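Take a moment to look over the chain before reading on. We will go through it piece by piece.

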Amino acid sequence: MNFHTRKWVKPEDLNPNGTLFGGSLLAWIDEEAALYTVVQLENKHIVTKFISEINFISAPRQGDIIEIGIEAVEFGRTSLTLRCEVRNKITRENILSIDKITMVNLGEDGKPAPHGKTKIEFVRDRLQ
Ligand SMILES: CCCCCCCCCCCCCCCC(=O)SCCNC(=O)CCNC(=O)[C@H](O)C(C)(C)COP(=O)(O)OP(=O)(O)OC[C@H]1O[C@@H](n2cnc3c(N)ncnc32)[C@H](O)[C@@H]1OP(=O)(O)O
């Protein structure tokens, strides 16, 4: 799993308990999953279809640096299913896990369309 994105927990991200608001974290994850999918499927018309159980394992506090990891687990015909883990960048403490995030590739008509991909691709290989 690659942990591409780092976030710094700021005062505006906190809930009344002084820990990271779960909704902010989920928005960051959805954006990360969307960008991962856009790059893998080479299509910006994608949507989040399904998110499985979300396990909030521990609560980050103001000033913590967290990192978001995404991994492709299944390439379907029109879908791409991802796994997500979030951890503390410094201590490596687990913060959250989601086993399945299913993204769907859309055609120009806004309907699911085959993406034609079967495995992870790296941009550096596409450029050769
Ligand atoms: C390159 C240039 C750079 C560009 C640089 C700009 C980048 C800019 C990035 C912006 C990125 C924005 C990303 C926004 C991310 C949102 O905000 S999305 C908003 C929230 N999501 C939505 O509104 C989606 C609403 N739902 C829908 O529109 C419809 O349900 C859908 C998604 C079109 C699917 O319709 P459907 O009738 O279920 O379609 P169906 O053909 O039955 O299934 C399609 C696929 O979904 C799977 N599926 C269906 N139901 C489920 C389920 N419950 N669980 C799991 N999988 C399921 C099916 O198995 C199928 O997969 P495959 O077997 O083909 O692989």
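How many salt bridges does the structure hold? The structure holds 9, where a salt bridge is a side-chain nitrogen of Lys or Arg within 4 Å of a carboxyl oxygen of Asp or Glu. Keep in mind that this is a predicted model, in which local features need pLDDT of at least 70 and side-chain atom pairs count only at pLDDT 80 or more, while totals for chains, interfaces and linings use all residues. Residues are numbered from 1 along each chain as its sequence is written, and side-chain values use heavy atoms, with hydrogens and water left out.

Let us visit one of these bridges. E67 pairs with R92, and their closest N and O atoms are 3.9 Å apart. This pair links distant parts of the chain, 25 residues apart: E67 is in strand 4, and R92 is in the loop between strand 5 (79-88) and strand 6 (94-105). Strands (E, at least two residues) and helices (H or I, at least four) are DSSP runs, numbered from the N terminus. Is E67 buried or exposed? With a relative accessible area of 2%, E67 is buried, whereas R92, at 48%, is partly exposed. Here buried means under 20% relative accessible area, exposed over 50%, and partly exposed in between (1.4 Å probe, protein chains only).

Another bridge joins the side chains of K117 and E121, at 3.2 Å from N to O. K117 is buried because its relative accessible area is 13%, and E121 counts as partly exposed because its value is 25%. Salt bridges that share partners join E42, K117, E121 and R126 into one network.

Strand 4 also holds I68. The relative accessible area of I68 is 0%, so this residue is buried. I68 and I29 are 39 residues apart in sequence, yet their C-alpha atoms are 7.1 Å apart in space.

Now look for the largest pocket, with a volume of about 290 Å³. On a 1 Å grid over the protein atoms alone, a pocket is an open set of points with protein on both sides within 12 Å along at least five of seven lines, and lining residues have an atom within 4 Å of a point. The volume is the space filled by probe spheres (1.4 Å probe) set on the points, which are joined across faces, edges and corners. Of its 15 lining residues, N2, H4, Y36, Q40 and F122 are the closest to the centre. Helix 1 gives the largest share of the lining, 5 residues.
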